[in-house]
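User: I want to know what stands behind the terms used for this structure. Please set each value against its definition.

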Amino acid sequence: MANRADLLPGTLDMLILKTLTRGALHGYGIAQSIKRLSDDVLTVEEGSLYPALQRLLLQSWVKAEWKMTDTNRRARFYTLTAAGRKQLGIEVSQFEQMIAAIGRVMNDAQEA
Amino acid sequence: MTLLNKLLLLFRRRRFDSELEEEMAFHRAQAEKEFVSAGMTAEQASYAAMRQFGNGVRMQERSREVIGFRAESIAQDTRYALRQLWASPAFTLVILLTLALAIGANTAIFSVINGVLLKRLPYEQPERLVRIFLSNSDYPKFPLNPFDFLDFRARNHSFESMAAFSRGDVQLSGSGEPVRLNGFGITSGYFHVLGLHPHLGREFDRAAEIPGNGLQVMISDRLWRTRFGADPNVIGRKITLNMQAFTVVGVMPAGTVHPGNVYHSFPYGEDVDVWWPFSFAGDPNRRGSHFIEGIARLKDNVNLAQAKSEMNAIMMQLGREHPNNDAGWSVIVIPLYNEVVGQRRQMLLVLLGAVMMVLLIACANAANLLLARASSRQREIAVRLAMGAPRTRVVRQLMTESLLISFLGGGLGLATAFSGVKALVALLPSDFPRSQDIHVSAPVLAFTILITVATGILFGLAPAFQAASADPREGLQKGGRTTIGSGRQSRLRDALVVAEVSLACVLLIGAGLMLRSLLNQLRLDPGFQRVHVLTASLSLPRAIYSKDEQIGRFYHQLAVDLNGLPGIESAGVGSDLPWTGYDENAGGFTIEGKKPPAGEDFHARYHMATPGYFSALGIPLVAGRFFTPADRPDATQVIIINRRMAERYWPGENVIGKRMSFADEPKSDKDWITVVGVVGDVKDQPNSLTAEPAFWFPVIQETWTSDMSVVIRARTDPRLLADALRKEVHRLDPALAVADVQLMDQIVDSSVSTPRFAFALVGLFAGLAIVLAGIGTYGVISYSVSQRTPELGIRMALGAVRSDVMGLILSHAGKLAGLGTVLGVMAAFALARLLKSLVFEVSTADPLTFASVAGMVIAVALLAGYIPALRATATDPVNALRNE
């Protein structure tokens, strides 16, 4: 557990939404995608992923559909909705503001 | 949107679960596949995937929490709590029954408080209504003189309106046997003051107050329905009252409530049937007689003190204008509400306090039982905490359980309250104001819910806090083993028992004081003999019996006839009966050779009686003689006085043969009346401080009233004589109503109904309290015994004998009871002062009551400790140790 990087709180929803901008994915796919894109730095725990997906479904930011995978198994695929796309924009800009703010504090601390 | 989605999911719960499960299974399968392709065996891969995935159930739960409602987990908690309660029925039964009784009793008492004290009086803006009385050093609260009233009404600027009324029952005749109706003479504007309006017709105008205009009447809704068949054209019709034809001018609606009055008192309530116009007859400059009562409505911008000071200024003017009659009086203005509920308020608040204490005891008891159970559930709670249940969740679970218990108890309590209120109203003294307003109504329900929730929280706090601070490791470690309960916890339980015992002590002392007071009133020598005495009242219509001599002759003859009947030991007629609050008073008479004390006049209750009256009532002769047939109208005028009058106005003298006079300036012998007898004292009311000075005229020589009471002392059951009495009355005058036929026993009983009521309730609560405190003590001691079984086993194995063990346990019970009693006695000592106005001839620090209650409480506690102590000594030390 110690070697896994913990996600910044509140960023999981944003990461999921961002991942889904490339197209429909099932839960496992989302987790794998985040892991791969972050070069194994970010690991999404399943215990957080599925509750988060339910949360997004409730807000109607994503849609879910049962489809067949390439290997012919039934899986639930999530797609981004228009509202989800808008929400992503909001979260990204909030996130950038936050990173910028943290950066300023850190730079300042280094200079001092 | 979110809410809508949640709601939709609520109906598709099963599908949600199965989909989630499938989705996770898919996830696990994918992960497994990956591990296999990375070179693991199938078994290793499956294990790794499972480990990576974590606790599936927990994960599903978290997903469910996202879509769930808070209410759902409450429902879950409730189901769980119900299972817990069902699992230990004895515990549940005890706790529910005690709570049901306590909450039921609280609800019942609160419905009385709500109906009598809190509900507004049924008049317009009742808070602006006041009653007006006079007061001086002899008479703290006295009715008004009619002409004084006219001046008050004309001169005041404080009141929007003012009226007066005076009791005057009437006899209704016509079809069927004549009946007596409750009636009041009222001035114009009486109903206007109250803010009540006739349903038909109008109320009396000023012209009706002029003598000669009085033959009009307003009737109650009930009389209108029973006598006139609810005739809408009743206005203008005639009705025969006191043998005279009265014209109906108005009908009052149902719910026209009599505000209560003092002189010839008639309690607050709905039972007045006729109102006739009060007429201001006589000489306006003679203002010595007081028999009407004022009622008025304050102007919006005038307060009570202002009104009072203006009225007193007017009284001062009147005192200067009529120095003989009006000097020395002051005016008192009392809010109508205080007048109606007045002395009952204190008693009801005491009852509320008592019943609240019962609820507190029930709370402490419930808390104790829950604590005991919580410690046996320590392991369960520890397991839940260890498995990752958040503390808040465990606390919420326990609070849900307490609230569930209190709601079940409250529900049962409410059911008890419905019958309890009925029983309570039946038990109320007959003159209790507003008893018809006592119901389990909406405010009462709100109160019940409030105390139910408060109770649940109160007794749930202790176990919940304990759980919140529990250390799961500790709970798991000692789980199965019995050890001495943690010190903090057993201290809390001991403290609860001490509180229960001390509250029970307070209640028992209250009940003891009330019992002593009741016994004092019952043991009181009433001054007459109550058994075998039948009474009734008669009223002669002035239209027929216009001369006093006619009235005197009628009653004298009736007494003679009754004495001739078989089965009668003695019969008589008198102006009144003992203990009925008779309040006629004569002042300003002359006593030969005496001067009244400065600033005062000679005064005494005046009565009339026939020769048999005193012996029929069993009032003893102290000196001289009773009246005899020889005291004829043409013989020397004679009078009988009571002992109090003799001692007050002829201290240390032999009064027989002394003379007094009612003439303004007695000259000839004919003006003087001779005292021929002294009789024993009878108080106005059983709890009056002293008897008033009083005298009796022989009915045949002097009669001031047409209303009299008949008294018959029977050889056997007096009820058998009621018909004979009616027959004799109707032989003399078939048009007379024989009213209020009752036994002297009933009159005496109803005169102690208030102390009896108060004692019955406080006694009931105290009984409940001591039982609860006993259960509480038993619970704590037997719990501590079960916890200490191994310790006791070791002690016995090491040579302690049974009496040592017994002593050890009883001393625990004794300590708790002792401390509780000391605290209880101290609290009772402080609180008993509130009972001062409610008890009769008992000190509120009565040592007998305090001592016997203390003894009783300690005895009960020791008994409650004895049963578990017995069990402890009966255990085999080997078994006790082996169980370890």
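Predicted model: local features only at pLDDT ≥ 70, side-chain atom pairs only at ≥ 80, totals over all residues.

User: What makes up chain A, and in which pattern along the sequence?

Analyst: Chain A has four helices and three strands. Along the sequence they follow α-β-α-α-β-β-α. Helices here are DSSP runs of H or I with at least four residues, strands are E runs of at least two, and both are numbered from the N terminus.

User: Why are α1(A) and α2(A) called roughly perpendicular?

Analyst: Helix α1 (residues 11-20) and helix α2 (residues 27-37) of chain A pack at about 100°, with axes 10 Å apart. The axes are lines fitted to C-alpha atoms over the stretch in contact, and angles run from 0 to 180 degrees between N-to-C directions. Under 35 degrees counts as roughly parallel, over 145 as roughly antiparallel, 65 to 115 as roughly perpendicular, and the rest as oblique. The pair α1(A) and α2(A) is therefore roughly perpendicular.

User: Which residues make that contact of α1(A) with α2(A), and of what class are they?

Analyst: Leu15(A), Ile16(A) and Thr19(A) come from α1(A), and Ile30(A), Ser33(A) and Ile34(A) from α2(A). Contact means C-beta atoms, placed from the backbone, within 7 Å. By class, the contact has four nonpolar, two polar and no charged residues. Nonpolar covers Ala, Val, Leu, Ile, Met, Phe, Trp, Tyr, Cys and Pro; charged covers Asp, Glu, Lys and Arg; the others, Gly among them, are polar.

User: How do you know how α1(A) and α3(A) are oriented to each other?

Analyst: The axes of α1(A) and helix α3 (residues 46-58) of chain A come within 10 Å and cross at roughly 75°. These two helices are therefore roughly perpendicular to each other. Leu12(A), Asp13(A) and Ile16(A) in α1(A) meet Ser48(A), Ala52(A) and Leu56(A) in α3(A). That contact divides into four nonpolar, one polar and one charged residue.

User: Why do β1 and β2 of chain A count as edges?

Analyst: Three strands form an open, antiparallel sheet in the order β1-β3-β2 (chain A). β1 (25-26) and β2 (62-68) of chain A each have a single partner strand, so one side of each is left without a neighbour in the sheet. Pairing requires at least two bridges found by DSSP. β2(A) and β3 (residues 74-80) of chain A are joined by seven. Lys63(A) stands opposite Thr79(A) there.

User: What makes the residues of α13(B) line one face?

Analyst: In helix α13 (residues 378-386) of chain B, the buried residues are Gln378(B), Ile381(B), Ala382(B) and Leu385(B). Seen down the axis of α13(B), they fall within an arc of 100°, so they line one face of the helix. The arc is that of the directions from the helix axis to the C-beta atoms. Buried means 20 or more other C-beta atoms within 10 Å of a residue's own, exposed means 12 or fewer, and partly exposed lies in between, with C-beta atoms placed from the backbone.

User: Is Gly328(B) buried, exposed or partly exposed, and where is its place?

Analyst: Gly328(B) has 15 C-beta neighbours inside 10 Å, so this residue counts as partly exposed. Its place is the loop between α11 and β12 (330-335) of chain B.

User: Which strands pair with β9 (residues 244-251) of chain B, and in what sense?

Analyst: Strand β6 (residues 200-201) of chain B runs antiparallel to β9(B), with two bridges. Strand β7 (residues 216-219) of chain B pairs with β9(B) in the parallel sense over four bridges. Val217(B) stands opposite Val248(B) in that pairing. Strand β8 (residues 238-241) of chain B pairs with β9(B) in the antiparallel sense, also over four bridges.

User: What lies between β8(B) and β9(B)?

Analyst: The two strands form a hairpin with two residues between them. Asn242(B) in the turn has a positive phi of about 50°.

Methods
Residues numbered from 1 in each chain as written. Chains lettered and ligands numbered in written order. Contact = placed C-beta atoms within 7 Å.
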